[in-house]
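I wanted to look it up piece by piece and write down what I found.

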Amino acid sequence: MSFLDLAYKRHSVRSFKEHKILEEHLEHVFKAAQLAPTAANRQPQRFYLIENSQLAKLSEVTRYSFGAPLVICIGYDKTISWKNKYDGIDGGDVDCSIVATHMMLAASEVNLGTCWVGSFDKAKLKVLYPLPVDFEPVLLLPIGYPSDDSRPHPLHDKRDDWKSKIV
Ligand SMILES: Cc1cc2nc3c(=O)[nH]c(=O)nc-3n(C[C@H](O)[C@H](O)[C@H](O)COP(=O)(O)O)c2cc1C
């Protein structure tokens with residue numbers, strides 16, 4: 001599959017089958033995460049896996065887990081991430097965004113569905129789950145096999161002309 005075919009194929013999935021993800025498919029997704037570039041190659045990305053009995057209380061953190069069998073909280077170790085000396089901005093957010101994008105595309109390649117979830121209560125997440133102290137959550141990624149009636153959202157195909165983005 002060409003890169004553009006894969007980019008067309010990926011879409012946000014918001015309805016999942018219950019069954020667990022095959023180990024080889026999960027490895028494929030994490031391999032893609034490993035290959036992502038990070039600032040100064042610091043590789044600060046960290047993954048907190050929420051599954052099985054831990055999933056129920058996630059409803060207190062976000063409305064958007066969509067019944068996925070696994071929700072990966074993607075974040076970074078803030079003691080390791082690169083800091084920009086010019087503005088003090090922590091590179092961890094950007095690193096995790098690239099990592100997550102790799103993961104979403106790789107997931108799509110093996111017919112797994114994902115949805116980037118940015119709308120969640122970070123403070124509540126930290127209270128309800130034993131996250132490492134230096135872990136800074138960036139997004140939640142529900143992941144699993146799309147349910148049979150899952151379809152891309154109508155907005156998925158609405159993309160502005162790329163030429164209109166040149167400033
Ligand atoms: C930074 C970011 C935050 C997002 N947060 C949410 C979210 O909280 N809930 C949700 O259902 N989708 C969320 N999405 C998914 C977008 O709504 C979706 O990617 C967009 O509408 C384009 O559709 P597509 O992914 O199917 O191409 C988020 C996407 C991004 C990049």
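**Entry 1**

I started with Asn 52. It has 10 C-beta neighbours inside 10 Å, so I count Asn 52 as exposed. I am working from a predicted model. Asn 52 lies in the loop between β1 and β2. I looked up its backbone angle as well. Its phi is near 50°, which is a positive value in a residue that is not glycine.

Next I looked at Ala 40. This residue is in the loop between α2 and β1. Its phi is also positive, about 55°, although Ala 40 is not a glycine. Is Ala 40 buried or exposed? It has 12 C-beta neighbours inside 10 Å, so it counts as exposed.

Then I went to Asn 84, in the loop between β2 and α3. With 11 C-beta neighbours inside 10 Å, Asn 84 counts as exposed. I left aside its neighbours within four places in sequence and found Asn 84 in contact with Ile 89 and Gly 91.

**Entry 1: the whole chain**

I stepped back to the fold. The chain has four helices and four strands. Along the sequence I read the pattern α-α-β-β-α-β-α-β.

How does the radius of gyration fit a compact globule? For 167 residues, a compact globule would have a value near 15 Å. The chain has 16 Å, which agrees. Its C-alpha atoms fill a box of roughly 45 × 45 × 30 Å along the principal axes.

I checked burial next. Buried residues make up 29% of the 167 residues. Residues 24 or more positions apart account for 80% of them.

**Entry 2: the core**

I looked up the largest nonpolar core and found 31 residues in it. Val 71, Ile 74, Met 103 and Leu 141 have the most contacts inside it. Four elements each supply at least two residues of this core: α2 (23–35), β2 (70–77), α3 (92–109) and β4 (135–144). Which of them gives the most? It is α3, with seven residues.

I did not count residues up to four places away in sequence. Leu 141 touches Val 71, Ile 72, Ile 74, Ala 100, Met 103, Thr 114, Trp 116 and Val 117.

**Entry 3: helix α3**

I tested the length of α3. At 1.5 Å a residue, its 18 residues should span 26 Å. Its end C-alpha atoms are 26 Å apart, which agrees.

I listed buried residues of α3, among them Cys 96, Val 99, Ala 100, Met 103 and Ala 107. I noted the general rule here: an α-helix has 3.6 residues a turn, so residues three or four places apart point the same way. The buried residues of α3 pack against α1 (3–9), α2, β1 (45–51), β2, β3 (113–114) and β4. Just after α3, Asn 111 takes a positive phi of about 65°.

**Entry 4: the ligand**

I finished at the ligand. Which residues come nearest? Of the 13 residues around the ligand, these are His 11, Ser 12, Gly 118, Ser 119 and His 156. I sorted the shell by type. It divides into six nonpolar, six polar and one charged.

Technical notes:
Residues are numbered from 1 along each chain as its sequence is written. This is a predicted model: local features need pLDDT of at least 70, side-chain atom pairs count only at pLDDT 80 or more; totals for chains, interfaces and linings use all residues. A residue is near a molecule or strand if its C-beta atom, placed from the backbone, lies within 6 Å of it. Ala, Val, Leu, Ile, Met, Phe, Trp, Tyr, Cys and Pro count as nonpolar, Asp, Glu, Lys and Arg as charged, and the others, Gly among them, as polar. A nonpolar core is a set of buried Ala, Val, Leu, Ile, Met, Phe, Trp, Tyr and Cys residues joined through C-beta atoms within 7 Å. A residue is buried if 20 or more other C-beta atoms lie within 10 Å of its own, exposed if 12 or fewer, and partly exposed in between; C-beta atoms are placed from the backbone. Two residues are in contact if their C-beta atoms, placed from the backbone, lie within 7 Å. The radius of gyration is taken over C-alpha atoms; the globule rule is 2.2 Å times the number of residues to the power 0.38. The expected span of a helix is 1.5 Å times one less than its number of residues.
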